[in-house]
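Hi,

Here is the structure I promised to pass on.

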Amino acid sequence: WVQDSGVGYPILREVPEETLKAYGVSAMPSAYLIDRTGRVRAVHAGFRASQFKTVRKEIENLLGEKQQ
């Protein structure tokens, strides 16, 4: 899916267990949208096709924010 959709931002896969614990991952897949300062801005647990446009817009908004 990542290659087919033309995603140009980092995606982590096969994340170490300590990272899962640190972020409190309770569902797979999970999406954690992290801004340029390292702050978690949105969390999406699980996958629902109906949320695709919303998540994409959140990602686009974060990518469009100016660097500090």
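The chain has an average pLDDT of 84, and 96% of its residues score at least 70 (pLDDT is the predictor's confidence in each residue, from 0 to 100). This is a predicted model, where local features need pLDDT of at least 70 and side-chain atom pairs count only at 80 or more, while totals for chains, interfaces and linings use all residues. Residues are numbered from 1 along each chain as its sequence is written, and side-chain values use heavy atoms, with hydrogens and water left out.

Confidence is highest in helix H3, at a mean of 92, and lowest in helix H1 (residues 2-5), at 73. Helices (H or I, at least four residues) and strands (E, at least two) are DSSP runs, numbered from the N terminus.

Now the hairpin. Strands S1 (residues 30-34) and S2 (residues 40-45) run antiparallel and are joined by five bridges (pairing takes at least two DSSP bridges). Leu33 has Ala42 as its bridge partner in S2. Five residues lie between the strands, and Gly38 has a positive phi near 95°.

Leu33 and Ala42 also belong to the largest nonpolar core, along with Val55, Ile59 and Leu62. Such a core is a set of buried Ala, Val, Leu, Ile, Met, Phe, Trp, Tyr and Cys residues joined through side-chain atoms within 4.5 Å. H3 (residues 52-64) supplies three of the five.

Asp35 sits in the loop between S1 and S2. Asp35 is buried, at 10% relative accessible area (buried is under 20%, exposed over 50%, partly exposed in between, with a 1.4 Å probe and protein chains only).

Cheers
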